[in-house]
Amino acid sequence: MAKSLLIISRQSPWSGPGAREALDIVLAGGAFDLPIGLLFLDDGVLQLSVGQNAKALQQKDLSANLQALPMFGVEELFYCADSASTRGLDKLSLEEAQPLAAEQITALIDRYDQVITL
C-alpha cells in the first residue's frame, strides 16, 4: 500500500519557486494514485485567492494548476483559517478548500505517513 503524503505550502504564489514546486509534487503524486493532501498555511493561503493577475508580474498563473488537482485525484485540499483571516481573506474569496483551525491542522498532519513543507 502506498504511503500517504501531505504537502504543506507556506509561500505566496509569487515569492519564489516554492508554491509552484508544491503544486508540481502534488500533481505528480496524484498522477501515480498516491494518497495525497495539500495544506495551505501562512502566506500559502494567498495561492487560493481568486482573481490574481499573474501577467502583471510576468509570471505563470497557478490557478490552472489548482483547478486541475481534482482531475489528478487530489481532493484533499485544506487551508489554515487563521492564516486566511490574518491576511484579510474570507471563505468566499478562496478556491475550493476546507478551512481548518490550528488544532485540526495538528490532527490532519498526524493522519499522513509523510509530510513535506515548502
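Is R10 buried, partly exposed or exposed, judged by its relative accessible area? R10 is partly exposed, with a relative accessible area of 39%, where buried means under 20% relative accessible area, exposed means over 50%, and partly exposed covers what lies in between, with a 1.4 Å probe and protein chains only. The structure is a predicted model, in which local features need pLDDT of at least 70 and side-chain atom pairs count only at pLDDT 80 or more, while totals for chains, interfaces and linings use all residues. Residues are numbered from 1 along each chain as its sequence is written, and side-chain values use heavy atoms, with hydrogens and water left out.

**Overall layout**

The chain holds 4 helices and 5 strands, and from the N terminus on these elements run β-α-β-α-β-α-β-α-β; helices (H or I, at least four residues) and strands (E, at least two) are DSSP runs, numbered from the N terminus. Of the 118 residues of the chain, 39% count as buried. The accessible surface comes to about 6700 Å², and 52% of this area belongs to carbon and sulfur atoms; such areas come from the Shrake-Rupley method with a 1.4 Å probe, and for residues only the protein chains shown count as cover. Among contacts in the chain with a separation of 6 or more, 77% are accounted for by residues 24 or more positions apart, a contact being heavy atoms within 4.5 Å.

The buried residues of α1 are G18, A19, A22, L23, V26, L27, G29 and G30, and they pack against β1 (5–9), β2 (36–40) and α2 (63–68). Just after this helix, D33 takes a positive phi of about 55 degrees. Leaving aside neighbours within four places in sequence, S12 is in contact with A19, D43, G44, L46 and Q47.

**Nonpolar cores**

In soluble globular proteins, nonpolar side chains tend to be buried together. A nonpolar core is here a set of buried Ala, Val, Leu, Ile, Met, Phe, Trp, Tyr and Cys residues joined through side-chain atoms within 4.5 Å. The largest such core has 21 residues, of which I7, V26, L38, F40, L69 and Y79 touch the most other members. At least two residues of this core are supplied by each of β1, α1, β2 and β3, and the largest share, 5 residues, comes from α1. Apart from this core lies another, of 10 residues, among them L6, L41, F78 and L100.

L6 lies in strand β1 and counts as buried at 0% relative accessibility. Leaving aside neighbours within four places in sequence, the contacts of L6 include G37, L38, L39, L108, I109 and Y112. L6 and V26 are 20 residues apart in sequence, and their C-alpha atoms are 8.6 Å apart in space.

**Salt bridges**

A salt bridge is a side-chain nitrogen of Lys or Arg within 4 Å of a carboxyl oxygen of Asp or Glu, and by this rule the count comes to 3.

| Salt bridge | N to O distance |
|---|---|
| D42 and R10 | 2.2 Å |
| R87 and D43 | 2.7 Å |
| R111 and E76 | 2.9 Å |

In the bridge between D42 and R10, D42 lies in the loop between β2 and α2 and R10 in the loop between β1 and α1, so the pair ties together parts that are 32 residues apart in sequence. D42 is partly exposed, with a relative accessible area of 23%.

The bridge between R87 and D43 links distant parts of the chain, with R87 in the loop between α3 (81–86) and β4 (98–100) and D43 in the loop between β2 and α2, 44 residues apart. R87 is partly exposed at a relative accessible area of 31%, and D43 counts as partly exposed at 33% relative accessibility.

In the bridge between R111 and E76, R111 lies in helix α4 (residues 102–111) and E76 in strand β3 (residues 76–80), so this pair ties together parts that are 35 residues apart in sequence. R111 is exposed, with a relative accessible area of 51%, whereas E76 counts as partly exposed at 32% relative accessibility.
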